[in-house]
Amino acid sequence: MARSHLTLAALATNAVPELDVAHARNHSLGGGGLFDSALLITRDEKELIIRVPTSQAAETEQSADLVALRALTTGNRSRLPFDVPVFVGQAPFEGTRAVVYERLPGASYDADALTGHEGVSGSIGRAIAAIHGLPSAFIGDAGLVQQSAQDCRTATIDLIDRAANTGKLPAALLRRWELATDDNALWQFAPTVIHGSLTAESFLITDDAVCGVLGWSGLCVGDPARDLNWLLAARGDAAETAVATYTAARQGNDPLITQRAMLYAELELARWLLHGVDTHDEAIVDDAVSMLDGLVDNVHSHTMNSLSPDTGPILSVSDVESMLKDTPRTQATGSAGRNSDDNSEYGTSEFADTGSFSRVTSFDGTGFDGAGFDTGYGDDSTGPIPTVDGTADGRADDPATDDHAARRSSSE
């Protein structure tokens with residue numbers, strides 16, 4: 001049961017000495033999210049947010065967020081063209097803790113709306129570039145994660161292998177993703193400071209520009225492509241503007257970043273599958289399998305969409321958007337243009353309680369409608385694509401996949 005805004009207001013007075021709360025109202029999903037939250041307005045008209053975790057996963061995220069916010073000192077924040085949440089105080093409560101932040105102004109929008117406006121998209125590109133331009137020394141000083149390019153590659157291979165071991169990953173996707181991880185050129189990049197968990201809900205907008213960025217629990221040094229994958233899943237006409245503006249601000253020093261970003265976007269479906277397997281939730285597993293089948297259909301129908309430059313030409317962002325327009329989708333998870341006062345969790349998605357999948361809701365940004373996909377190739381003579389366990393409607397193992405896996409194992 002969600003804690004009431006009155007209970008949370010009382011907690012805030014314990015967390016912040018001499019706090020005088022004049023008004024309070026609920027600011028959460030009513031029991032459906034990672035946090036119980038309330039918006040507080042003080043006598044001097046300051047606005048604060050108080051959050052209490054509802055699960056161990058939420059508490060872990062909150063702790064990581066606090067470490068990141070402390071690492072983002074005044075000097076680091078001055079390098080960013082937007083505001084970052086400010087920690088105000090905390091108080092122990094029922095085995096966890098309530099944390100109070102200053103509330104940032106601005107409204108949040110869904111991914112399609114954010115990338116549907118050229119000015120906003122350009123501002124997003126510049127905001128992400130500013131994060132990636134931060135000097136990285138403070139990350140190590142704060143004890144945060146620092147990944148090399150090889151670390152990022154190894155972690156990606158491990159994720160793919162775990163998904164393959166479920167026996168539910170289509171062989172065509174396994175081959176596609178392994179070709180990407182086997183391509184040395186794709187992984188020749190300079191790691192940067194990254195936000196690490198960007199989604200549309202991370203951004204607050206005022207006057208057609210990014211005024212604040214939320215949810216810093218994933219702050220680290222890593223692959224900058226991780227902060228772009230959600231853009232490739234958006235359907236707004238100006239999504240390409242965000243990527244182009246980002247690339248211009250970073251002086252195009254990572255020419256294959258879009259390919260890695262697309263790989264990470266696709267791998268969110270593998271994460272969703274693993275989440276279902278790990279939690280023994282068959283509904284999630286079935287949903288993930290349906291979305292993976294839909295991705296196979298898209299990949300097969302658009303043979304130019306390669307992740308590795310060694311295997312063929314690459315789709316531009318506009319080509320990717322065109323491809324995604326052909327993909328059935330479920331009802332959008334958020335309402336474009338809603339005010340941030342109506343946001344559920346001070347920057348957390350309504351899918352946040354589903355673990356890693358919260359970072360990107362799906363390959364197309366809003367979710368696939370599994371019933372709308374054919375689970376195989378369009379060519380009847382080819383038939384459905386087998387899964388990694390070698391079966392699809394009773395067929396034998398795919399020798400091409402076995403050969404590729406054998407080559408991969410011998411090289412590792």
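Contact here means heavy atoms within 4.5 Å. By that criterion, R176, W177 and A180 of helix 8 meet L263, E266, L267 and A270 of helix 11. By class, this contact comprises five nonpolar, two charged and no polar residues. The model in which these contacts occur is predicted.

The protein has 14 helices and nine strands. Of its 412 residues, 53% are buried. Contacts between residues at least 6 apart in sequence were also examined, and 73% of them join residues at least 24 apart.

Helix 11 (residues 257-278) takes part in two helix pairs described here. Two packed helices are described by the angle between their axes and the distance between the axes. In the pair with helix 8 (residues 171-182), the axes come within 12 Å and cross at roughly 135 degrees. Angles over 145 degrees count as roughly antiparallel, and those from 65 to 115 as roughly perpendicular. Helix 8 and helix 11 are therefore oblique to each other. The crossing of helix 8 with helix 11 is left-handed.

The other pair involves helix 7 (residues 149-165), whose axis lies 9 Å from that of helix 11. The packing angle is about 50 degrees. Helix 7 and helix 11 are therefore also oblique to each other. Here too, helix 7 passes helix 11 in a left-handed crossing. On the helix 7 side, the contact is made by C152, T156, L159, I160, R162 and A163. Helix 11 contributes L263, Y264, L267, A270, R271, L273, L274 and D278. By class, the contact of helix 7 with helix 11 has 10 nonpolar, one polar and three charged residues.

Turning to the strands, five of them form an open sheet in the order 1-2-3-5-4. The pairing is antiparallel. Strand 1 (21-26) and strand 4 (87-93) are the edge strands, each pairing on one side only. On average, neighbouring strands of this sheet are turned by 25 degrees against each other, direction ignored. Strand 1 is joined to strand 2 (residues 35-42) by five bridges, in the antiparallel sense. Within this pair, A24 has L40 of strand 2 as its bridge partner.

Helix 1 (residues 5-15) packs on the sheet. Helix 1 touches strand 1, strand 2, strand 3 (47-53), strand 4 and strand 5 (96-102). The direction of helix 1 makes about 110 degrees with that of strand 4. Helix 2 (residues 56-71) lies across strand 2, strand 3, strand 4 and strand 5. Helix 2 runs at about 40 degrees to strand 5.

A separate pairing joins strand 7 (residues 203-206) to strand 8. These two strands run antiparallel and share four bridges. L204 has G212 of strand 8 as its bridge partner. Strand 7 and strand 8 form a hairpin, with two residues between them. In the turn, D207 has a positive phi of about 50 degrees. Strand 8 (residues 209-213) is mostly covered, with four of its five residues buried.

Notes: Residues numbered from 1 in each chain as written. Predicted model: local features only at pLDDT ≥ 70, side-chain atom pairs only at ≥ 80, totals over all residues. Heavy atoms only, no water. Axes fitted to C-alpha atoms, helices over the stretch in contact; angles between N-to-C directions. Parallel < 35°, antiparallel > 145°, perpendicular 65-115°, else oblique. Left-handed = near helix turned anticlockwise from the far one by under 90°. Nonpolar A, V, L, I, M, F, W, Y, C, P; charged D, E, K, R; others polar. Buried < 20%, exposed > 50% of the residue type's maximum accessible area, 1.4 Å probe, protein only. Pairing = 2+ DSSP bridges.
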